[in-house]
Amino acid sequence: MTGNIVIKIRGVKKYFGATKALDGVDLEIYENEVHAIVGSNGAGKSTLMKTLGGEYVPDEGKFYYLDEDITGLTPFQIQKKGIQIVHQVLNIVDSMSILENILLASPPTKNVVLDWKEGKAKVKEVLEFIGIDFDLSKTVGSLSISEQQFVVLARALINKPKVLVLDEPNSKIGLEETEKLFAVIRKLKAHGTTTIYISHRIEEIYQVCDKISVFRDGKCIDTRATKDFPQDELVTMMLGKKLDVFFPKANVETGTEILKVVNLKFKDKINGVSFYVKYGEIVSLVGAVGAGKTEIVNSIYGILRPDSGDILIDNNTVFPNHSPRKAIKIGIALVPEDRATQGMIGEYTVKNNLTAINMKNISKNSFIQLKKEVKLAQELNDKLSVTPNDINYIIQSLSGGNQQKVIIGKWLVDPYKLYLLDEVTAGVDIGAKSEIYQLLGDLARGGAGVVLATSDIEEAIGLSDKIIILFKGKIVREVDPKVTTKDEILSYIMGAEKYAQ
Ligand SMILES: Nc1ncnc2c1ncn2[C@@H]1O[C@H](COP(=O)(O)OP(=O)(O)OP(=O)(O)O)[C@@H](O)[C@H]1O
Ligand SMILES: [Mg+2]
């Protein structure tokens, strides 16, 4: 696989105060390759892409595009060259339509007036290329996170880029959608587009990428052809140490039913779902986008009011007047899917985010005991290895995965009896994933019930006692993780129409 070098990066450094986000990066990306960039949370992947894209100016070093020095150009100039970056945090306007969001980057104009007709034709062409059918007038806010991901992808593709950067496009999408994304990447490759692909889903990288570069502590420490990079070696290199136990095999004595969901219905999203979770049990909900996972956990937590059916906690119905406040009071915790908006206060420090909901642990006579607050926050930061390990860091300055760790940490302080976790490991690196899995194992061993809504099938198989497979708001199958396979689950998820009555 030889060809022209399309992007050359030389000695790039970028510092934020004392944090060396990029500490001398050298890297070449060749024309027409799919090039993965992997590394732990905070390794510098997103910072490198923001610097390539012109959002940051490097403190030192150079970027070249087809031998032309492009260091210091503006994001607009970089895009004009043919480099498109889809960032980790989706940049969309909820209240605007799909059409408007896709055209946001480059509105087609005719004599300074927006040319909607041409715009619409271009958008349709791109969506056809991607293989997705949207009602363009719908607002983006009404779409699922994974559908939103495809809107942003369409926006990046509308000007037919030469180089496409995808910063964790699949951290929140299911297997089926990931297949679709990979089909697009392969098609782009056939059309001569180079893709730089950042992801924490190592297995999937092996399916679609030609080369892999490993980042650690702001440096690119190795680049190899995928076929020459055994997976365990890759993980060891990323973490700087061997990863031992990944899934803690929790052999837990289960108790009575903590949660019982009976014939739950909500619009066309949940179509008569019944299941139970016992004390000490981890139950996974898997399914494609639109299968109803998030709606089910949100109903249990009282965010969403189902049309009919019942939810019982310890055999008592939570209705009428269910609400998140009541949920917390009876011992239910939720780690929501959309953590950026629901889970954190961006401009607060890590410490304040960690302790915001744990006031009862640290306040006495309504005074916050500062010492206790600091201790609590520091313990959590240590437990989840948040980097930089500084509880006074403003949370939005942390890398994506480290933000996730803090938000997850918030819920692990007070003991709850039921944990509802929605895509809890999306975006966290493999080291932190293993730490979170240990924590979940501990929760179950401590007697709590856990509902794990996940699009990561390996995680469901590795952790849970029971896997419930959903399709269009219905349970199509319940499988035993001890005897099932990834392929079996996938076949139910994809071909589920056959099984759903
Ligand atoms: N705007 C900022 N202000 C201060 N520090 C920052 C800022 N952006 C990034 N950092 C720091 O730079 C380092 C690299 O962050 P970056 O977001 O590039 O990591 P990443 O490899 O993309 O991680 P992840 O896998 O979690 O997304 C981190 O230590 C992060 O806290
Ligand atoms: Mg990142």
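The questions and answers below go from the domains to the ligand shell and then to a sheet.

Analyst: This is a predicted model, in which local features need pLDDT of at least 70 and side-chain atom pairs count only at pLDDT 80 or more, while totals for chains, interfaces and linings use all residues. Residues are numbered from 1 along each chain as its sequence is written, and chains are lettered from A and ligands numbered from 1 in the order in which they are written.

User: Which helices each supply at least two residues of the side of domain 1 that touches domain 2?

Analyst: Residues are in contact if their C-beta atoms, placed from the backbone, lie within 7 Å, and the contact takes 18 residues from domain 1 and 16 residues from domain 2. Helices (H or I, at least four residues) and strands (E, at least two) are DSSP runs, numbered from the N terminus. The helices asked for are H5 (145–157), H6 (175–190) and H8 (231–239).

User: Which elements give two or more residues to the shell around ligand 1?

Analyst: A residue is counted as near the ligand if its C-beta atom, placed from the backbone, lies within 6 Å of it, and 21 residues surround ligand 1, with Asn41, Ser46, Thr47, Ser399 and Gly401 the closest. The shell draws at least three residues from each of domain 1 and domain 3. The elements are strand S2 (19–30), helix H1 (45–52) and helix H15 (400–410).

User: How many residues of H15 are buried?

Analyst: A residue is buried if 20 or more other C-beta atoms lie within 10 Å of its own, exposed if 12 or fewer, and partly exposed in between, with C-beta atoms placed from the backbone. Among the buried residues of H15 are Gly401, Gln404 and Ile408. The helix is largely enclosed by the rest of the structure, because the buried residues number eleven of the eleven.

User: Which are the edge strands of the open sheet of four strands?

Analyst: Two strands pair if DSSP finds at least two bridges between them, and this open sheet has the order S14-S13-S16-S17 with antiparallel pairing. Strand S13 and strand S16 pair over five bridges, and Leu259 stands opposite Ile313 in S16. The strands that pair on one side only are S14 (270–278) and S17 (316–317).

Notes:
Contact = placed C-beta atoms within 7 Å. Domains from an automatic or database assignment.
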